[in-house]
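Open your viewer, turn on residue labels, and keep the selection tool handy. We will go from stop to stop, and at each one you will hear what to select and what is there.

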Amino acid sequence: MEATFVVIGGGIAGVSCAESIAFLAPEENVILISASPLIKAATNIIAFGKTLTQFDVEERSTNSLTEVFSSVMVFNDIVTKVDKSSKTVFTENGKIISYKKLCICTGARPKLICENNSRVIGIRDTESVETFVEKLKGSKRIIVVGNGGIATELVHELNGIDVVWVIKDKHISATFIDPGAAEFFQERLLKKENDTDNQPVKRMKYTITNDNSIKGGPALGPDWHDNFKFKKGNALSTVQVEYESEIVKIMDTLETSDQENENWPVYAQLTTGKIIGCDLIVSATGVVPNSNMIGLESLNQDKDGGYIVDWKLETSEPEIFAAGDVCSVGWEIAPRWFQMRLWTQAHQMGKYAAKSMVSTLKKEEFFQDFCFELFTHVTKFFGYKVVLLGLYNGQKLEKDYEILLRVTKGQEYVKLVVKNGKMQGAVLIGETDLEEMCENLILNQLDISMYGEDLLNPDIDIEDYFD
């Protein structure tokens, strides 16, 4: 078979790439190869800022893409090899596809703390969540290892099960928030009955279809837990946080019998020396790029394993591009942007890779997408809407900055990062309605030193000046 564009991966990056190619070059044929029968489709896209967008994302069958775009073909198959010299892709089902432009969007896989242990599970895609839910049914206590988004959401969602949360940091959710915001969430962590989950939020929305045929499906979005039942009865779970700890050893039996009175299927020894028994260990300690494709060993890779891409998202091999979690940026990045393997960046990169491939095919001049000017991420933790903008935790600033803070207990947490009188980043938790103002101030780099603390005075509608 032949196709002008071939995209490998049915996740957020791959599907947004294929859709954008079909929109920009409807006369060219596109083949999308997905390991899963389900793909991620973005719908109802509404921009309410220069880089902030609101849209829904649904998990659909592969047919949904071909019905909208006649130039796109989707195969539920696995790529076994890529031949760079002949520009050919080989699949598990025997297909041989030649291409002019190739985009790798194979995402990443969980970085497990222990391989080949039935009591240790990583959560990354729909299949792994279904396995987890099944194992959860007979569990009384689980250990959650990790301090990122999935770990945070999982600890919040679990009810009726005792949770031991093992984190290597001094505060919870350190991947995204500072100790002050962690303190703001602390009450919600202990009291889950007052959730704000039913409040409407302006953000991307995922739904998940239970399909047992999924094998290594696309990565989860921020609403991955909505269709899964993590509750056992009406009892609330207890959450025990083990700060500044890591698991150093996993055992099936206790070497000493004085620390636990009850027998557990598995035990974890922490760096603090504490030994904790449980039914299941959830490893949510980050991801490893799926950059092990046969035939692409010569592509330049970063130390994390991701394929290094230039500002066009092109790898070291001409005509081969990469987008999403599988790639690592290799260009000089903007002052207030950085790469983070999140679903938001996967969507942005997929669309931009399409633009790059189509433009280079047509030999048209093009410029880097504006989304790479400012880091943005919208998610939900403990029932609260969370917006992260720019250098939200003072990244790159080497502690040479000041913080403006406004906290209303149980309602909102607003943190602005300011350096030399100019806003560099922001953390907005709750329905603050300050997203557009903060985005404008970070992008425009206006001097706001004259406003001082009045910038966050709730009695002054400061956003009216800057929206």
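Which residue forms a salt bridge with D304? Select D304 and R341: the two form a salt bridge, and their closest N and O atoms are 2.9 Å apart. The term salt bridge is used here for a side-chain nitrogen of Lys or Arg within 4 Å of a carboxyl oxygen of Asp or Glu.

Before moving on, a word about what is on your screen. This is a predicted model, in which local features need pLDDT of at least 70 and side-chain atom pairs count only at pLDDT 80 or more, while totals for chains, interfaces and linings use all residues. Residues are numbered from 1 along each chain as its sequence is written, and side-chain values use heavy atoms, with hydrogens and water left out.

**Stop 1: the D304 and R341 pair**

Stay with D304 and R341. This pair links distant parts of the chain, 37 residues apart: D304 is in the loop between strand 19 (287-289) and strand 20 (307-309), and R341 is in the loop between strand 22 (327-329) and helix 6 (343-361). Helices (H or I, at least four residues) and strands (E, at least two) are DSSP runs, numbered from the N terminus. D304 has a relative accessible area of 31%, so it is partly exposed. R341, at 25%, also counts as partly exposed. For these words, buried means under 20% relative accessible area, exposed means over 50%, and partly exposed is in between (1.4 Å probe, protein chains only).

**Stop 2**

How many salt bridges does the structure hold? There are 13. For one of them, select K274 and E242, whose side chains meet at 3.0 Å, N to O. K274 lies in the loop between strand 16 and strand 17 and E242 is in strand 14 (residues 239-242), so this pair ties together parts that are 32 residues apart in sequence. K274 is partly exposed at 35% relative accessibility, whereas E242 is buried at 7%.

Next, select E412 and R406, which form a salt bridge with their closest N and O atoms 2.9 Å apart. E412 is buried, with a relative accessible area of 13%, and R406 counts as buried too, at 17%.

**Stop 3**

Strand 16 (residues 266-270) pairs with strand 17 over four bridges. Two strands count as a pair if DSSP finds at least two bridges between them. Select V266 and look across to C278 in strand 17, which stands opposite.

**Stop 4: a hairpin**

Go to strand 6 (residues 79-83) and strand 7 (residues 88-91), an antiparallel pair with four bridges. V82 stands opposite V89 in strand 7. The two strands form a hairpin with four residues between them, and K87 in the turn has a positive phi of about 50°.

**Stop 5**

Then select K385 in strand 24 (residues 384-390). K385 is buried, with a relative accessible area of 2%, and its side chain makes a polar contact with the side chain of E435 (2.5 Å).

**Stop 6: helix 7**

E435 is among the buried residues of helix 7, along with M437 and L441. Select the helix, residues 435-444: seven of its 10 residues are buried. Finish at Q445, which follows helix 7 and has a positive phi, near 55°.

Key
A polar contact is a pair of N or O atoms within 3.5 Å; within protein, one must be able to donate a hydrogen and the other to accept it, and residues adjacent in sequence count only if both atoms are side-chain atoms.
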